[in-house]
Amino acid sequence: MGTNSKNDRNSRRAGILMNLGIVVSVIIAMSVGIVFMLINTTIVNAEAWNAKGQRQLDTITPIQPLRGDILACDGSILATNLNYYDVSIDFRPKRFLIRQYVQSLDSLADTLAVYFPHRTRKQWHDYLSAPLSKPKSKRSGTYRLVRNVPFDVAQRFKQFPFFRRTRNSNRTGLKLEPVLRRMYPYGDMARLSIGRVGYLPGKDAQHGISGLEQALDTLLFGTPGRAKRVLFTNRVAKWPIEQPRHGYTVTTTIDITIQDILESELGEMLVKSNADWGTALIMEVATGDIKAISNLERDSLHPGTYIEAMNRAVLAYEPGSVMKTISMIAALNEGYALPVDRTFPIGHSYAYKGGRAIHDTHSPAALPVSRFLEYSSNIGMTKLVAAHYENNPNGFRESLRKVGFFDRFHTGIARERRPYIPTVENNNRGLVALSRMTFGYSTMIPPLYTAAMYNAVANDGRFVRPRLVKALRSHDGRDSVIPVSYVRDSILSRSHAALLRDMLTQVVYGEGGTAKFLRDKNVRIAGKTGTAKIANELRPGQKRDSITGSDGRKRPANLGYREGHYRVAFCGFYPAERPKYTCIVVISDPRPPLNGPAVTAGAVLKNTALKLYARGYLDNHADCRDNAPDDPGRPTLYATFDKDRSTELHRFIDMERAAVINTPGTTPPGTVPDVRGLGVREAVVRLEEAGFNVAFDGIGYVTAQTPPPGTKTLSGARVRLQLQQF
């Protein structure tokens with residue numbers, strides 16, 4: 001028996017030694033392998049591995065610059081960069097408090113449902129519980145809770161249930177990842193002019209995709225820097241070798257107040273007239289600064305509402321009769337419009353060179369040149385302009401080219417188009433086409449270019465270049481002011497500009513003016529109405545069929561016009577006697593009965609002008625300053641017992657003494673004080689100090705009181721005051 005036990009022990013010992021030998025052999029083999037690989041890596045193939053490591057360290061990565069801001073003319077921010085945060089949970093840290101997380105699910109879901117109600121409490125609970133159904137190794141390291149929240153909201157997460165247990169993110173997994181977002185504090189205001197940013201194909205950073213953001217992208221974006229990987233003691237990190245140059249801050253000419261007024265008036269008119277779209281802009285006469293620009297279009301998803309859409313202010317359309325002013329510029333420059341009192345027979349209908357008859361709807365039998373614009377005479381413009389170029393039909397186009405009408409403005413507005421006036425053949429067909437050009441057909445002119453020509457008339461003939469950018473500021477604080485520039489120093493003599501301004505004023509104030517609706521005693525408006533038929537447009541993919549003319553040449557078929565549909569416009573400036581602003585408004589297809597150019601486009605211009613006048617924008621005093629100190633009708637601003645207060649008031653507002661209603665008299669102690677002539681606040685204080693209760697009727701100043709001043713009565717009695725405004 002003892003022998004068997006000894007044999008068993010020997011067998012176990014042999015088995016243990018064999019197992020130990022296997023383990024030791026494996027360890028020795030692994031050690032040999034490690035030593036072999038170490039020798040192979042550090043000695044035999046050291047050069048190749050070092051080169052591979054160096055290639056990783058030598059990798060150059062870009063450092064994206066900070067995009068520049070876009071500012072309004074007064075420094076208000078129109079576009080800027082703000083840090084927002086994406087909030088997420090990392091479930092993978094070894095020390096993550098999983099048990100506490102499960103215990104806090106209910107309270108955390110309640111809190112998130114309050115602050116972020118896009119999910120209900122149950123939905124939040126299910127969303128927070130979802131990662132727990134996976135093995136720990138497969139749980140997300142960036143489980144998103146919310147995106148793009150501001151700093152204060154992101155910081156609030158640290159006080160939410162579970163996350164407030166500890167500030168150690170290795171235990172709670174809370175991650176706040178900064179995200180730089182392009183923000184527009186004024187929302188959709190001037191959206192198409194300011195533009196937007198986005199990701200372009202092949203680009204790893206945001207670039208401008210419309211408006212100023214696109215046109216000035218190279219300035220706003222800046223220049224990327226460069227960084228390489230550097231090996232530190234415990235990590236590899238990026239080390240900048242060339243700092244990025246941040247983008248320029250662009251100061252625009254946009255005035256936020258004018259922009260808001262223009263957009264509101266245009267939007268209101270589009271709703272009233274049920275139009276398809278509208279565009280409008282306001283320029284400062286002396287500088288060409290575009291103070292406001294708006295483009296609104298019917299929202300197909302929400303009937304009756306309008307949104308910022310296509311930037312039609314720089315796209316080309318047949319302008320209608322607003323073109324007559326531009327035609328008159330050419331006529332005055334070349335002298336054939338002079339003298340302006342020369343009379344032409346007009347009538348109702350006129351067939352020029354065998355073309356379709358031209359009609360005037362409200363012109364008399366004869367008109368002088370000076371009244372062609374007033375009556376918007378198509379026949380008059382044809383007889384004046386087209387007849388002058390019968391031997392050279394393209395002379396009209398050439399006269400406009402000389403004054404810079406076709407020059408690019410480079411305003412900074414993306415997709416800016418130039419005017420299109422076609423060359424014509426030297427025959428009757430070409431002359432018929434020319435006759436239509438003189439009053440706004442067979443041409444394509446952007447509203448911006450029309451406004452710029454009217455602005456030259458308002459500016460004594462100086463053709464200032466419209467601009468939307470007035471200054472740049474580099475990343476290191478250096479300013480570059482973009483000066484006012486001119487397409488031409490002069491396209492019209494001062495005397496001819498004055499003649500044309502008078503013609504445009506008569507459009508509003510003349511007996512036959514087509515815009516008499518725009519008359520106003522506060523702001524005199526000068527300008528021109530325009531109406532053009534809306535041409536049929538090709539549908540996507542549709543092609544024009546070619547036709548063969550009598551001369552054998554191929555021409556595109558005429559698509560014709562939409563019957564009963566019109567594009568209306570008004571372009572002008574104000575105040576007419578000393579122009580400060582030029583404005584153009586174009587509205588497409590307003591529905592009857594509100595569909596005339598004066599009562600739609602003209603009304604937008606007029607209402608905008610009146611609101612600018614009310615705010616003192618037209619070099620007027622929009623306050624209560626009294627320039628006639630002897631006028632007995634001047635208003636009472638304040639009445640008081642305190643002479644020093646009255647003196648200070650008038651000294652600070654630089655105003656003569658106000659009219660006096662009544663100077664309160666003195667009364668014996670214990671009687672009702674005299675408060676007549678005082679404002680209600682001071683009257684109440686005086687009476688309550690004397691121990692009386694006060695009631696009053698009306699607003700303004702005290703004109704009567706009951707009981708009368710000096711009446712003896714018990715303390716606590718009620719005194720009723722009668723107030724009146726003056």
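**Stop 1: Asp86 and Arg147**

Select Asp86 and Arg147 in this predicted model. The two side chains form a salt bridge, with the closest N and O atoms 3.9 Å apart. Distant parts of the chain are linked here: Asp86 sits in strand S3 (residues 77–89), Arg147 in strand S4 (residues 143–149), and 61 residues separate them. Now show the surface. Which partner counts as buried? Asp86 does, because its relative accessibility is 9% and buried means under 20%. Arg147 counts as exposed, because its relative accessibility is 54% and the cut-off for exposed is over 50%.

**Stop 2: Glu242 and Arg226**

Move to Glu242 and Arg226. Their side chains meet in a salt bridge, at 3.1 Å from N to O. Glu242 belongs to strand S9 (residues 236–242) and Arg226 to strand S8 (residues 225–231), so the pair ties together parts 16 residues apart in sequence. Glu242 is partly exposed, at a relative accessible area of 35%. Arg226 also counts as partly exposed, at 39% relative accessibility.

**Stop 3: Arg467 and Asp289**

Next, select Arg467 and Asp289. This salt bridge has an N to O distance of 2.4 Å. Where do the two residues lie? Arg467 is in the loop between strand S18 (463–464) and strand S19 (469–473). Asp289 is in the loop between strand S11 (277–284) and strand S12 (290–298). The pair therefore ties together parts that are 178 residues apart in sequence. Are these residues buried or exposed? Both Arg467 and Asp289 are buried.

**Stop 4: a salt-bridge network**

Select Asp276, Arg298, Arg562, Asp589 and Arg591 together. Salt bridges link these residues in a network. Across the structure there are 29 salt bridges. Side chains of opposite charge can pair when their charged atoms come close.

**Stop 5: an open sheet**

Switch to a cartoon view. Color strands S13, S12, S11, S26, S25 and S22. In that order they make an open sheet of 6 strands, with antiparallel pairing. Which strands are at the edges? They are strand S13 (306–308) and strand S22 (526–535), each of which pairs on one side only. Look along the sheet for its twist, which averages 20° from one strand to the next.

Zoom in on strand S25 (residues 561–574) and strand S26 (residues 581–588). They run antiparallel and are joined by 8 bridges.

H17 lies across S11, S12, S22, S25 and S26. The helix runs at about 150° to S26.

**Stop 6: a nonpolar surface patch**

Go to helix H1 (residues 2–44), where Val24 is found. Select Val24 with Leu17, Leu20, Ile28 and Val32. These residues form a nonpolar patch on the surface. Together they have about 450 Å² of accessible area. How exposed is Val24? Val24 is partly exposed, because its relative accessible area of 37% falls between the 20% and 50% cut-offs.

**Last stop: the whole protein**

Zoom out. The protein has 21 helices and 29 strands. Of its 726 residues, 45% count as buried. The protein exposes about 37900 Å², and carbon and sulfur atoms supply 52% of that area. Among contacts with a separation of 6 or more, 68% come from residues 24 or more positions apart.

Definitions and conventions. Residues are numbered from 1 along each chain as its sequence is written. This is a predicted model: local features need pLDDT of at least 70, side-chain atom pairs count only at pLDDT 80 or more; totals for chains, interfaces and linings use all residues. Side-chain values use heavy atoms; hydrogens and water are left out. Patches are made of residues with over 30% relative accessible area and no salt bridge: like charges are joined within 9 Å, nonpolar side chains (Val, Leu, Ile, Met, Phe, Trp, Tyr) within 5 Å. Accessible areas come from the Shrake-Rupley method with a 1.4 Å probe; for residues, only the protein chains shown count as cover. A salt bridge is a side-chain nitrogen of Lys or Arg within 4 Å of a carboxyl oxygen of Asp or Glu. Helices (H or I, at least four residues) and strands (E, at least two) are DSSP runs, numbered from the N terminus. Buried means under 20% relative accessible area, exposed over 50%, partly exposed in between (1.4 Å probe, protein chains only). Contact means heavy atoms within 4.5 Å. Two strands pair if DSSP finds at least two bridges between them. Axes are lines fitted to C-alpha atoms, for helices over the stretch in contact, and angles run from 0 to 180 degrees between N-to-C directions.
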